[in-house]
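Please look over this structure with the notes below in hand. They take one topic at a time.

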Amino acid sequence: MKNDKNERYEIQGEKNAAAELNRGRRTAVDLAKCAIFVVLMIVSAFIKIPFPLVPLTFQTVVAVLAGLLLGSLYGTAAVGVYIFMGLIGLPVFTNGGGFAYVVQPTFGYILGFAAAAFVAGLIGGKGKITLLRALVAGGIGFLVNYLVGVPYFLLIWRFYMHNGGVWEAAVTYNFLYMPKDFALCLLAGFLAWRVRPLLERLR
């Protein structure tokens with residue numbers, strides 16, 4: 001009888017150890033993916049396509065992808081680490097870094113990247129994802145980024161920089177770029193739909 005109990009305890013202990021090892025492996029994989037997306041956020045800040053007034057970068061795409069591929073928690077964490085690195089002075093933002101960057105009109109979009117990653121990850125959920133769900137997550141991630149970025153831009157423009165023409169600034173520096181960012185976020189959704197099954201196999 002005692003031998004049976006001891007054997008059951010040993011089997012249960014082995015199962016617990018295996019489960020713990022598996023959880024540790026998954027966590028290590030998730031952290032590695034986070035690190036990759038931190039690097040991608042940095043690299044995408046410096047890949048610029050000349051565009052009238054404001055250059056085209058791919059950070060919105062990377063932020064939405066981070067949420068869809070890593071989930072809301074790890075995706076937001078990856079973007080958050082990127083933002084933290086910039087605020088402590090590392091030149092990872094498009095025009096440098098440092099805490100003074102918070103008074104740059106475009107800093108709201110940087111904060112919006114984290115919000116976009118969180119919302120996209122929340123909508124994308126876990127496990128298998130449909131193309132429609134991925135596209136919706138990308139589209140809403142785009143909207144969230146602009147909901148944070150545009151008001152921040154206009155507040156800095158008007159009350160810190162003391163500029164007039166708020167409506168003109170909203171159109172010229174923000175609204176004109178919505179179509180290309182929307183298209184890029186839909187592309188991010190499509191890429192997530194194709195790539196996520198491959199990443200799930202690594203877990």
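1. **What kind of model.** This is a predicted model, where local features need pLDDT of at least 70, side-chain atom pairs count only at pLDDT 80 or more, and totals for chains, interfaces and linings use all residues. Residues are numbered from 1 along each chain as its sequence is written, and side-chain values use heavy atoms, with hydrogens and water left out.

2. **Confidence.** pLDDT is the predictor's confidence in each residue, from 0 to 100. The protein has a mean pLDDT of 87, and 84% of its residues reach 70 or more. Among its elements, helix H4 (residues 131-160) has the highest mean, 97. Helix H1 (residues 2-45) has the lowest, 72.

3. **Make-up.** The protein has six helices and zero strands. Helices (H or I, at least four residues) and strands (E, at least two) are DSSP runs, numbered from the N terminus. Of the 203 residues, 39% count as buried. Buried means under 20% relative accessible area, exposed means over 50%, and partly exposed lies in between (1.4 Å probe, protein chains only).

4. How far apart are the end C-alpha atoms of H6? They are 32 Å apart, which agrees with the 33 Å that its 23 residues should span at 1.5 Å a residue. The expected span is 1.5 Å times one less than the number of residues. H6 also bends by about 35° at arginine 194, and proline 197 follows within four residues. The bend is the angle between axes fitted to the seven residues ending at a residue and the seven starting there.

5. **The salt bridge.** A search of the whole structure finds one salt bridge. It joins aspartate 181 and lysine 180, with the closest N and O atoms 3.0 Å apart. The term means a side-chain nitrogen of Lys or Arg within 4 Å of a carboxyl oxygen of Asp or Glu. Aspartate 181 counts as buried because its relative accessibility is 7%. Lysine 180 is at 18%, so lysine 180 counts as buried too. Both are among the buried residues of H6.

6. **The nonpolar patch.** Leu131, Leu187, Phe190, Leu191 and Val195 make a nonpolar surface patch of about 340 Å². Patch residues have over 30% relative accessible area and no salt bridge; like charges are joined within 9 Å, nonpolar side chains (Val, Leu, Ile, Met, Phe, Trp, Tyr) within 5 Å. Helix H6 (residues 178-200) gives the most, with four residues. Leucine 187 is found in H6. At 39% relative accessibility, leucine 187 counts as partly exposed.

Key. Areas by Shrake-Rupley, 256 points an atom, 1.4 Å probe, with all protein chains shown as cover.
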